[in-house]
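Hi everyone, thanks for coming. Let me walk you through a structure that may be new to you.

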Amino acid sequence: MAESLPEHDRILQEIESTDTACVGPTLRSVYDDQPNAHQKFMEKLDACIRNHDREIEKMCNFHHQGFVDAITELLKVRADAEKLKVQVTDTNRRLQDAGKEVIAQTEEIIRCRVQQRNITTVVEKLQLCLPVLEMYSKLKEQMSVKRYYSALKTMEQLENLYLPRVSQYRFCQIMMENLPKLREEIKEISMSDLKDFLESIRKHSDRIGETAMKQAQQQKTFSTALQKQNNVNYGRNMHLGRNRILESKNEITLKRTFEDEDEHDEEVLTAQDLVDFSPVYRCLHIYSVLGDGEVFENYYRKQRRKQARLVLQPQSSMHETVEGYRRYFSQIVGFFVVEDHILHVTQGLVTRTYTDELWNMALSKIIAVLRTHSSYCNDPDLVLELKNLIVVFADTLQGYGFPVNRLFDLLFEIRDQYNETLLKKWSGLFRDIFEADNYSPIPVANEEEYRIVISKFPFQDPELDKQSFPKKLPMSQSVPQIYMQVKEFIYASLKFSESLHRSSTEIDDMLRKSTNLLLTRTLSSCLQNLIKKPHIGLTELVQIIINTTHLEQACKYLEDFISNITNISQLTVHTARLYGLSTFKDARHAAEGEIYTKLNQKIDEFIQIADYDWTMSESDGRASGYLMDLINFLRSTFQVFTHLPHNNNDHAAMSGKVAQTACMSACQHLSMSLMQMLLDSELKQISMGAIQQFNLDVIQCELFANSEPVPGFQGDTLQLAFIDLRQLLDLFMVWDWSTYLADYGQATSKYLRVNPSTALTLLEK
């Protein structure tokens, strides 16, 4: 018990000194102690409370008088307080009445201050928004006047500089939403302008190309004329007539060139003058700003490739006129002039690699087209104009940096075709000359006529010069005409060789080769066809032989002529030679063979009208009429050979040889024909009277041979043509079989030329 009391005192001290919130653990300890501790604690608590009450009572008793005094003082103050309250209320009323106006003014001031602050805020915000609105207004104005590149720059400033400052406003959001639409609109408009530009250059390509080609041609013509004028004295060693022609041509060409230059100096049009390139620049800048530069480049190149394919596609009738080729070339030149311009004024849109690739593709197509269409050309003048156009076309594009070597290689192919068309044309000219020729020597009545002939053909004959007028030149009218046409052919071939950027040696070689083709193929063919024509008689054939001889002799003058116009000496190692000698020799041999053939055909015609009575008992005592007619024909024919002009030893030898060969051939053929007549298998029986008649005819043949129808035969050479017939007929006429049989096989036999089988066949008949 004694131990628990101090514990209860401690608990009560803790309760009195501890905060109310922390009294829980202290009270819990009361219940954790010994049993009945709670009762004891309550008793102790009651005693503590009574002690405190006594102390409070003592305290109140001690201070009661002061409390009474304070209450008394407070009652006294209450009256004063009432008065003060009335005064304060009145003062407050009067203050409220006086402050109403102040309050009103204060509220007005506050409202004005709020407005001022709002205005200041608005001004500040407007100062931020106004540049945006001004820039947007500027953007709209630029769009309306189609300054799209500037509009894109304005959009860029709006997005990067102005709009971020006022992005919280709704109108800015609307602007931000509109800017992509405006960009797309600009792209569409610029692309539309580009399409219009592409269509424009497609339409103007031919004019651009025509202008560029004309300027290149004028420049080249002017340079060439100056060069010819400077070198005109260099060619003094050329043929006199040709020299005069060249000099006059040089002067005329130079004069015309200066006139043309004067006419065109005033106005020199370029691609920029003919086409407005601003759309492509604008579109390129716009797409570059929008970050789609590569898209634009691909689109532009794709469209231009399509246009290139259209330009390179020729019209089906292009080969019919030179205008078709000119239009074709002008369009191509115009296309590449535009591309070259774009290459040099833009960066990246067109590259040199791209243009080279495009040109190589175009060049292959151009060569294929020209190769195909030129093959349809049969007019050499058209082929020549085509060549000139190709040269101008190549020179023009070469001036813009495009390689054109393959075009000049193509010209060599076209040159062969040009030569073929020339050969066809000259074949017709040669035929016309031969048809119009009278195949008789050219008569000259006076010196003037003689000089006219020798001015056309290099004829020299001292013996003929000594004769007085009138006289006759040995060749016919076709010879100088053929010679002049060969020279004209050389001129025509030379025209194609000009401006091909080839050396004089190569041009000389080309001229000689083409002239050789003319002589060995065209002229040779015409001569061969002429010789084979049925209306060409023996006299004409003889004249053809004489003509070919003179043409053969003139070949050396043609070689000199080519050397003069090319300034290449014939002594040059690689210089080709003309094959005219073999051509005219072959023609001459063909004419000689035709003479022999026609004579034999004529002999056969006379033989066919022979009408022997093979059963006659005795001969008529005179030769057969057909044979006498045949001999008269041969005699008159060979007189023509004899009377041919022998102005020099060559002509005499030539005509004499032909006459002798023809006479020998005719006699041999006549002898063989008569022999075949006797041995004809259809002839079954021959009387001695018929043999005698036949012998009379053979005697006439021998007399003809013995009469020397053609001079120059030695001894009885011509009579030997009938020796087989003579020995055979003698055997039967004399009936000398014993001698024939006895001497058979001996070189001294009287009937050495009689074949046993022939004798037996005739004996059976």
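**A charged spot, a helix and a nonpolar spot**

Let's start with Asp-620, which is exposed, at 52% relative accessible area; exposed means over 50%, buried under 20%, and partly exposed in between, with a 1.4 Å probe and protein chains only. Before going on, please note that this is a predicted model, where local features need pLDDT of at least 70 and side-chain atom pairs count only at pLDDT 80 or more, while totals for chains, interfaces and linings use all residues. Residues are numbered from 1 along each chain as its sequence is written, and side-chain values use heavy atoms, leaving out hydrogens and water.

Asp-620 sits in the loop between α20 (580-608) and α21 (625-642). Together with Asp-611, Asp-613 and Glu-618, Asp-620 makes a surface patch of negative charge. Patch members have over 30% relative accessible area and no salt bridge; like charges are joined within 9 Å, and nonpolar side chains (Val, Leu, Ile, Met, Phe, Trp, Tyr) within 5 Å.

Now, how many residues of α16 are buried? The count is 15 of its 20, so α16 is largely enclosed by the rest of the structure. This helix covers residues 478-497 and reaches 28 Å from first C-alpha to last, close to the 28 Å expected at 1.5 Å a residue. After α16 comes Ser-499, with a positive phi near 65°.

Finally, back to the surface: Met-688, Met-733, Val-734, Trp-735, Leu-760 and Leu-763 form a nonpolar patch with about 560 Å² of accessible area together. Trp-735 lies in the loop between α24 and α25 (737-743) and is partly exposed, at 48%.

Notes: Areas by Shrake-Rupley, 256 points an atom, 1.4 Å probe, with all protein chains shown as cover. Salt bridge = Lys/Arg side-chain N within 4 Å of Asp/Glu carboxyl O. Lys, Arg positive; Asp, Glu negative; His and termini not counted. Charge placed at Lys NZ, Arg CZ, Asp CG, Glu CD. Helix = DSSP H or I, 4+ residues; strand = E, 2+ residues; numbered from the N terminus. Expected span 1.5 Å × (residues − 1).
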